[in-house]
Amino acid sequence: MADRRPGGTEPVPAAQRSVVLRRAARRTNLSLLGLLVGAFISGWLVFATAGPVTATMTTVVHGILGVAVIAMLPWKSAIVRRSTRLRVASVLLLVIIIGCLLAGFVQLFAGYVVVAGITPIQAHVGAAVVAVPLLLWHVLRHRRQRLRRSDLSRRALLQDVVIAAGVAASWGGATAVAFRSRPDRPRAPTGSRPVVPGPAAAVALPATTWLFDTIPDLDPLTHDVNVVGTTFTVDELVAQAEPVTARLDCTNGWYADARWDAVRLADLIGATALDAAATLRVRSVTGYERAFPAAEAGRLWLATGSRGTQLTPAHGAPVRLLAPGHRGFWWVKWVAAVELDDRPSWLQSPFPLQ
Ligand code: HEM
Ligand code: HEM
Ligand SMILES: Nc1nc2c(c(=O)[nH]1)N[C@H]1C(S)=C(S)[C@@H](COP(=O)(O)O)O[C@H]1N2
Ligand SMILES: [Mo]
C-alpha cells in the first residue's frame with residue numbers, strides 16, 4: 001500500500017498522501033481511548049435509564065461513540081501495520097472490540113435473539129467487560145502518547161469535525177434503518193424490542209436473573225410480606241389486587257407490556273409514614289434489594305399474578321414488585337419486605353450485585 005512521489009524515491013504510505021487523511025498516530029490512539037472509555041460509561045448509562053427522554057439521550061450518545069470507534073479503524077490499522085511486533089493480547093483486544101461492535105449492531109437491528117444460549121446484549125457487554133483489562137494492559141504498554149501542539153491545530157480539529165459529521169450521518173442512517181427494521185417488534189427508546197407482541201401474560205416472558213440470584217421455592221400458603229411493619233398474607237394481597245398493564249424492560253434487550261394483578265404500595269402504607277421517609281426499600285427473600293424514593297410509592301406495585309393466574313416461581317412467586325418506568329432489574333422478585341428509612345435512595349449500588 002505505498003506509492004511513490006513524482007520524481008521521488010521514498011515510499012509514501014497511502015494514509016499520508018492527503019492532508020485530510022493524515023492523522024498522527026498518538027491522536028488516533030488517544031481518540032480511541034477517549035471513545036472507548038466514553039462508550040463503556042455511556043453503555044452503563046443506557047442500562048440506568050428508562051424514561052423516553054433519558055433513554056433516548058443515552059442510546060444516542062452511546063451509539064454515536066460506538067460508531068466513532070469504527071471511524072478510527074482505518075487510522076488504527078495503519079498503526080498496526082507499521083508496528084514492528086504484534087502482541088497476542090493486542091490482537092485479542094482487536095478481535096474482542098470487533099465482536100463487541102458486531103453484537104451491538106445485532107441488538108440495534110434485530111433486538112433480542114437467543115443464539116447458543118446467548119443474547120446480543122450479553123455478548124456485547126461481556127466483550128466490553130473483557131476488553132477493559134486488555135485495553136488497560138495495551139495502554140500501559142504504549143503509554144507515551146502525549147498530545148502535541150500540532151494535534152490541536154486548526155487543520156487537525158477540522159479533520160475531527162469532518163470525521164464527526166461522517167459518524168453522525170452513519171449513525172443516523174443506521175438508526176433510521178433500525179427503527180424501520182422488524183416493524184412487528186418496534187424498538188423502545190432503550191433499544192429493547194418486544195419479546196411478545198401486544199399485551200402479554202407475565203408467564204410468557206423470559207424468566208431473567210440479573211447475575212447470580214437463585215430461584216427460591218416459596219409456599220404461597222405460608223409466605224407473607226412485611227410492608228412497613230404490617231404483615232400481609234398472599235391471600236390478602238390477592239384480594240386487593242387489580243389488573244395493571246406495565247412495561248417490563250429488561251437490560252437484556254427485550255420488553256413486554258404485560259398484564260399483572262397487583263396492589264399499589266401507596267395503598268398498603270400509611271401516608272404519614274410515607275411522607276416522613278426518604279426511601280422505600282424492597283427486599284427479596286434472596287437478599288436482592290432495590291431502594292426507591294419514598295415519593296414513588298404511588299407508582300410501585302406488589303404483583304401476585306397475571307390475568308388471574310398465580311405467578312410462576314421463576315417470575316417471582318408468590319409476590320414480586322412492578323416498577324414501571326424503571327429497567328427490569330428494579331422489579332424485585334420474591335418480595336419478603338418493604339421498608340422505609342431516611343438514607344437517600346441513591347446511596348446504593350447503581351446495579352444489583354447478585
Ligand atoms: C467498548 C465499549 C462499547 C462499544 C464500542 C459499544 C458500541 C456499541 C454500538 C456500536 C452499538 C450499536 C449502535 C447503536 O446503538 O446506535 C451499541 C449498542 C448498545 N450497547 Fe454498547 N458499546 C460498548 C459498551 C457497552 C456497555 C459496557 C454496555 C452496557 C453496560 C452497552 C450497552 C449497549 C446497549 C444496551 C446497546 C443497544 C442500544 C441501542 O440499540 O441503541 N454497551 N454499543
Ligand atoms: C480498540 C482499541 C485498540 C486496539 C484493538 C489496539 C490494537 C493495537 C495493535 C494490534 C497494535 C500493534 C502492536 C501490538 O500488537 O501491540 C497497536 C499498536 C499501538 N497501540 Fe493500540 N490498540 C487500541 C487502542 C490503543 C490505545 C487506546 C492506545 C493508547 C492510548 C494505543 C496505543 C498504541 C501504540 C502507541 C501502538 C504502536 C506500538 C508500535 O508502534 O509498536 N492503542 N494497537
Ligand atoms: N430477586 C431478584 N429479583 C429480580 C431479579 C433477580 O435476579 N433477583 N432479576 C431482575 C431482572 S434483571 C429482570 S429483567 C426482572 C425479570 O422478571 P421476569 O423473570 O419475571 O421476566 O426481574 C428482576 N427481579
Ligand atoms: Mo433484566
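Predicted model: local features only at pLDDT ≥ 70, side-chain atom pairs only at ≥ 80, totals over all residues.
**Entry 1: ligand 1**

I began with W171, where a polar side-chain atom lies 3.3 Å from an oxygen atom of ligand 1; I count a polar contact as a pair of N or O atoms within 3.5 Å, and within protein one must be able to donate a hydrogen and the other to accept it, with residues adjacent in sequence counting only if both atoms are side-chain atoms. Residues are numbered from 1 along each chain as its sequence is written, chains are lettered from A and ligands numbered from 1 in the order in which they are written, and side-chain values use heavy atoms, leaving out hydrogens and water.

R187 also reaches ligand 1, with a polar side-chain atom 2.3 Å from an oxygen atom of the ligand.

Which residues hold the iron atom of ligand 1? H62 and H124 coordinate this iron, each through NE2, at 1.9 Å. For donors I take N, O and S atoms within 2.8 Å of the metal (3.2 Å for Na, K and Ca), and since water is not among the atoms, sites may look incomplete. The six donor atoms here subtend angles of 88 to 179°, so the arrangement is octahedral. The cut-offs: six donors count as octahedral, and four as square planar, if opposite donors are over 155 degrees apart and all others between 65 and 115; four count as tetrahedral if all angles lie between 85 and 135 degrees, and anything else is irregular. The histidine pair links distant parts of the chain, with H62 in helix 2 (residues 52-71) and H124 in helix 5, 62 residues apart. Helices (H or I, at least four residues) and strands (E, at least two) are DSSP runs, numbered from the N terminus.

I checked burial too: H62 and H124 are both buried, where buried means under 20% relative accessible area, exposed over 50%, and partly exposed in between (1.4 Å probe, protein chains only). A side-chain N or O atom of H62 is also 2.8 Å from a nitrogen atom of ligand 1.

**Entry 2: ligand 2**

Next I turned to the iron atom of ligand 2, which is coordinated by K76 through NZ and H138 through NE2, at 1.9 to 2.0 Å. K76 is in helix 3 (residues 73-82) and H138 in helix 5 (residues 120-141), so this pair ties together parts that are 62 residues apart in sequence. I found K76 buried at a relative accessible area of 15%, and H138 buried at 14%.

There are 20 residues around ligand 2, and K76, S83, R87, S90 and H138 come nearest. S90 has a polar side-chain atom 2.7 Å from an oxygen atom of ligand 2. For H142, I noted a side-chain N or O atom 3.2 Å from an oxygen atom of the ligand.

**Entry 3: ligand 3**

How many residues surround ligand 3? I got 21, and the closest are P206, T208, D213, H315 and K333. P206 uses its backbone: an N or O atom there lies 2.8 Å from an oxygen atom of ligand 3. D213 has a side-chain N or O atom 2.7 Å from a nitrogen atom of the ligand. A polar side-chain atom of H315 lies 2.7 Å from one of the ligand's oxygen atoms. Taken alone, ligand 3 exposes 530 Å², and the protein buries 100% of that; these areas come from the Shrake-Rupley method with a 1.4 Å probe, and for residues only the protein chains shown count as cover.

R27 lies in helix 1 (residues 25-48) and is buried, with a relative accessible area of 7%. Its side chain reaches the backbone oxygen of A156 at 2.9 Å. Setting aside residues up to four places away in sequence, R27 touches L147, D151, A156, L157, Q159 and D160, with contact meaning heavy atoms within 4.5 Å.

T59 lies in helix 2 and is buried at 15% relative accessible area. Apart from neighbours within four places in sequence, T59 is in contact with V46, P189, T190 and G191.

Last, I looked up S345, in the segment after strand 14 (335-341). S345 counts as buried at 13% relative accessibility. S345 and A278 are 67 residues apart in sequence and 7.3 Å apart in space, C-alpha to C-alpha.

Notes. Near = heavy atom within 4 Å.
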